[in-house]
Amino acid sequence: MIGIYFSGSGNTKHCVERLVKSIDGSAVVLPLDGDSAKAAIAKTNLIVFGYGVQYSDMPYFVREFIIENKELWKDKNILCVATMAAFSGDGAGCSARLFKKYGANILGGLHIIMPETICDVKEKKGEKESDPEKLYLESMQYESKLKKLAEENRKIIKQADEKIDEVVKGIKKNIYPKDGLSFFARLAGAFGQRLWLGKRSHSYNKKLKINEDLCDGCRICVQQCPMHNLTVQDGKAQPSGKCTACYRCVNRCPKKAITLYGDKVAEQYKIEKYC
Ligand SMILES: Cc1cc2nc3c(=O)[nH]c(=O)nc-3n(C[C@H](O)[C@H](O)[C@H](O)COP(=O)(O)O)c2cc1C
């Protein structure tokens, strides 16, 4: 058995690692974007495959990886794991259908609620300087009900861990969860979000912005980006059009100089603060 994940903030990494290691302590767990993922997949026939859903869909890189390596999936037994902040309908089903098309046997689907990772907010018109915590609290009220305080994030991760531990007990008896695999789930994913917002995860994201007044060229974003999308030129970070909206750089930049959907970073999400 191996675990393979694509993870921006670490939510999916946390879940896949916990699940796989609880079943087989010696199993390998690898990032999908790393050099050794393909070789490891080729060598095994049991895969736990995870990603964080985006608009009830897979991140662009994940879908492309599955398609580009279609020969890898034949006869593999796959448990599809989708982490999400609230709802995806068929988050796990999206990859399951594709894997099935390429000859895989789908063992199950698992949906795990984890904290929201989008940490940039739209600045209100006319607003000048604002305390990040205040901005965050305001955005919770006005922008997204998904943003939570630290204590609630801790609780969400604890509940996720409990769900994983229950699922592991079932898997040890050969009972797999079926989250997101039904026709009803597919309708919920499609009509709930994918039809209206899904296009956002169908190509690389070109909206990543660097605030050059704040960026000091420290290269943390360069090292962290799973897509190698960022470089530093003339002392400032520059995106190269390969962003998959994973939000890692936005959450990790020490100067809060990077934004994607918003234009100001509020409280950054770092999973290690909560577990
Ligand atoms: C661009 C984007 C889109 C998202 N769309 C959804 C969504 O449709 N439904 C949902 O419940 N969570 C959504 N989320 C939240 C993430 O799926 C969730 O926080 C996930 O655990 C992130 O996993 P990761 O840190 O491993 O990448 C979205 C997050 C981002 C960054």
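**A tour by chat**

Modeller: Let's start with D33, which lies in the loop between β2 (28-31) and α2 (37-43). Helices (H or I, at least four residues) and strands (E, at least two) are DSSP runs, numbered from the N terminus. This is a predicted model, where local features need pLDDT of at least 70 and side-chain atom pairs count only at pLDDT 80 or more, while totals for chains, interfaces and linings use all residues. Residues are numbered from 1 along each chain as its sequence is written, and side-chain values use heavy atoms, with hydrogens and water left out.

Biologist: Thanks! What does D33 touch, not counting residues up to four places away in sequence?

Modeller: D33 touches Y5, F6, F61 and P226. Contact means heavy atoms within 4.5 Å.

Biologist: And how far apart are D33 and R200 in space?

Modeller: They are 20 Å apart, C-alpha to C-alpha, and 167 residues apart in sequence. D33 itself is partly exposed, with a relative accessible area of 23%. For that scale, buried means under 20% relative accessible area, exposed over 50%, and partly exposed in between (1.4 Å probe, protein chains only).

Biologist: Switching to salt bridges: how many are there?

Modeller: The count comes to 13 salt bridges. The rule asks for a side-chain nitrogen of Lys or Arg within 4 Å of a carboxyl oxygen of Asp or Glu.

Biologist: Which residue does E17 pair with?

Modeller: E17 meets K13 in a salt bridge, at 3.5 Å from N to O. Both lie in helix α1 (residues 11-23), four residues apart, about one turn of the helix. E17 is partly exposed at 28% relative accessible area, and K13 is partly exposed at 34%.

Biologist: What about R18 and D165, how do their side chains meet?

Modeller: In a salt bridge of 2.9 Å, N to O. R18 lies in helix α1 and D165 in helix α6 (residues 150-172), so the pair ties together parts that are 147 residues apart in sequence. R18 has a relative accessible area of 30% and D165 has 29%; R18 is partly exposed, and so is D165. There is also a network of salt bridges linking R18, D161 and D165.

Biologist: Is D57 buried or exposed?

Modeller: D57 counts as buried, at 4% relative accessibility. Its side chain meets that of R63 in a salt bridge (3.0 Å, N to O), and R63 is buried too, with a relative accessible area of 13%.

Biologist: Where else does R63 turn up?

Modeller: In the packing of two helices: R63, I66 and I67 in α3 meet S95, L98 and F99 in α4. By class, this contact has four nonpolar, one polar and one charged residues.

Biologist: At what angle do the axes of α3 and α4 cross?

Modeller: The axes of helix α3 (residues 60-68) and helix α4 (residues 91-101) cross at roughly 10° and come within 10 Å. α3 and α4 are therefore roughly parallel to each other, a label for angles under 35 degrees.

Biologist: Last one: where is N77?

Modeller: N77 is in strand β4 (residues 77-84). Its side chain is joined to that of N105 by a polar contact of 2.6 Å, meaning a pair of N or O atoms within 3.5 Å, one able to donate a hydrogen and the other to accept it within protein, with residues adjacent in sequence counted only if both atoms are side-chain atoms. Leaving aside neighbours within four places in sequence, N77 is in contact with N45, L46, I47, N105 and L107.

Note on methods:
Axes fitted to C-alpha atoms, helices over the stretch in contact; angles between N-to-C directions. Parallel < 35°, antiparallel > 145°, perpendicular 65-115°, else oblique. Nonpolar A, V, L, I, M, F, W, Y, C, P; charged D, E, K, R; others polar.
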